[in-house]
Amino acid sequence: MSAEAEQRIQATAPAAPVVEPVVEPGITVGVAFEPAAPVPTWTAAIGTGIARPIRRVFHRHTPFLDKTAFVLVGLLVLLAIVGLFYRPYDPFNVDTRIALLPPSAAHLLGTDDVGRDVLSRILAGAGLTLLSAAAIVLIAAIIGVLVASVSTLLPRWADEVIMRACDIFMSIPSLVLALGLAAALGPSLTSIIVAMVAASWPSTARLTRGILRETMTTSFVESAQILGVSRVRLMLRHVLPNSLDAIYVQASMEISGTIVMISGLAFLGVGAPPPSPDWGSMIAAGQQYITTAWWISLFPGLAITIGAIAFGLVGDAVRTFVDPASRRS
Amino acid sequence: MPAPALLSIERLTVRVPEKERIGGGDGDLTLVEDLTLQIRAGERVALVGESGSGKSITARAILRLDPHLTLGGSIDWDGRELIGAPHHVLRGIRGAEISMIFQDPMTALNPVLTIGEQVAEPLLVRGVSKKEAYRRAAEMLDRLRVPKAKERLRAYPGQFSGGMRQRVVMAAALIAQPRLLIADEPTTALDVRVQEQVLDILEEQSRELNLAVLFITHDLAIVAGLAQSVAVMFRGRLVEQQPVDDLFAHPQHPYTRGLIGSVPRLDADPGVRLKTVADYLKEGSAA
């Protein structure tokens, strides 16, 4: 029979067997998995892991609170970006004729003691606060992960020395440590960032080192070791990529605390010097008018509160997402 | 004509030092004592024994996988002493001369790397070019009867079944052409049908590549089918070593008789209670 005839028979045969039996030992029964072939939609719901995260974040599986938090964070980031390019008034323009005006149509959130528009200053300060918070968390995470990785690879006594050093750092209250460092470095945003990084990397290092140690004991890490992988490569390719989940969670949780700390340090006067529209220093500037012109302190205070709560909730949502077992009831 | 031994373990002892003992306890804890074992090139040796008898610890000691344990005696690999060998020497031997595969293929692969990256890893760390390493990875997977090997290089372990993963693990272990493969219960986590496939592949590779295999198991049926020689461990000691046929025909040690005798048989008298290993040991000490 020619190949063509065979094909014709196959095409017309009504009940051609779809599932082939075992062809040879070593091949499992059934149709081989074809990654390139179109997957029926019902399997997509079970198997493919890419479409799901977005659905879980934005669809009905997400609790209302998480959605609110994501929206708030989105708004804050938008505000910060808008604040870079547009403010209703110049946030630094002093005009005592319009000082201490209550919120009105012209000045939505009122004006401060030297006539600067509070809304413009909050907008200008948003980028500053969020960016420095993100920078602090990022730099602290990088240093923490680096120290933890080195510590995990070194012999036990060296690991012990590094971790005890972290403990000593952590035993000093972080606000006091940051305050001392920032004061020593002189008032500026950079000194706040340096001080906060110095105060927060040890806890990241401690946490990460624990996770890395745990990942080191998994079977695939041991297998890689058996295949002759060097220690540095082992860390970079096998251990770290499988440990980062917890680090993301830790970092996203820390942003909220960092926002509060930055504002606290600015409030205490170790942040950027006066004309800077820092939320913390705005509260400090308004505190003597709190009974008469409450809007000067209240609105930056609200901005800090909303920022801290929103990022805190997002951190929580990220944790639930990474580790569903920790879902709050 | 007995060929010279490839791996020669002489009077190996493995101890947990006192300060490493979990839950305290006085003195060092001995896990393996006075074990002597030889493996020749291409020879398939089974190491059998119950849980906790020291099989895995012995196998892991060969590759020096537990740095906190104290090793005594000698492990001679092709003229080189492994006990006390520096880290870089061990790293050169691991994967390229002695490889090892584990029980559970579900956890033995890194979930974030592709199959290709993992199979090629032993070559990549030894400076083989990426292109060449991947070509050989596809070739190796093909040898181990992974269908569509070339396309599968880009797949992730999560897309593979248990039997397929064990073949991937074997491919990674064999790609750098080691001369000894230590298989630590490689089929225990698989179902019987897949077990057979994996064992077939293992035996086939052993024959084709003249690969020595140290096979650790507690399943005597597997031993009978695969191994040429069997070593029986009991309470950290090697109690008996014989060619596989002799062992099943004339087990010497009461423990070995127990192991063989306690396997339920289809043709056994249903009225008679199955004797346990403990029964055999009692008989052995009485005799």
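Trainee: Which residue in S4(B) stands opposite B:Arg15?

Mentor: B:Arg15 faces B:Thr70 in S4(B). This is a predicted model, in which local features need pLDDT of at least 70 and side-chain atom pairs count only at pLDDT 80 or more, while totals for chains, interfaces and linings use all residues. Residues are numbered from 1 along each chain as its sequence is written, and chains are lettered from A and ligands numbered from 1 in the order in which they are written.

Trainee: What makes strand S1 (residues 5-16) and strand S4 (residues 70-77) of chain B a pair?

Mentor: Strands are DSSP runs of E with at least two residues, and helices are runs of H or I with at least four, both numbered from the N terminus. Two strands pair if DSSP finds at least two bridges between them. Seven bridges join S1(B) to S4(B), which run antiparallel, so the two strands count as paired.

Trainee: Why are strand S2 (29-40) and strand S5 (80-81) of chain B called edge strands?

Mentor: The open sheet has four strands in the order S2-S1-S4-S5 (chain B), with antiparallel pairing. S2(B) and S5(B) each pair on one side only.

Trainee: In which sense do S6(B) and strand S7 (residues 180-184) of chain B pair?

Mentor: Those two pair in the parallel sense, over four bridges. B:Met100 stands opposite B:Ile182 in S7(B). B:Met100 and B:Ile98 point one way from S6(B), B:Ser99 and B:Ile101 the other way, and all are buried.

Trainee: How do you know that A:Thr96 is buried or exposed?

Mentor: A residue is buried if 20 or more other C-beta atoms, placed from the backbone, lie within 10 Å of its own, exposed if 12 or fewer, and partly exposed in between. A:Thr96 has 9 such neighbours, so A:Thr96 counts as exposed. A:Thr96 lies in the loop between helix H4 (64-85) and helix H5 (118-153) of chain A. By the burial rule, 37% of the 329 residues of chain A count as buried.

Trainee: What does A:Thr96 touch, leaving aside residues up to four places away in sequence?

Mentor: Contact means that the C-beta atoms of two residues, placed from the backbone, lie within 7 Å. On that test A:Thr96 touches A:Val114 and A:Gly115.

Trainee: How many residues of each chain form the contact between chain A and chain B?

Mentor: 33 residues of chain B are in contact with 23 residues of chain A. The chain B side divides into 17 nonpolar, nine polar and seven charged. Ala, Val, Leu, Ile, Met, Phe, Trp, Tyr, Cys and Pro count as nonpolar, Asp, Glu, Lys and Arg as charged, and the others, Gly among them, as polar.
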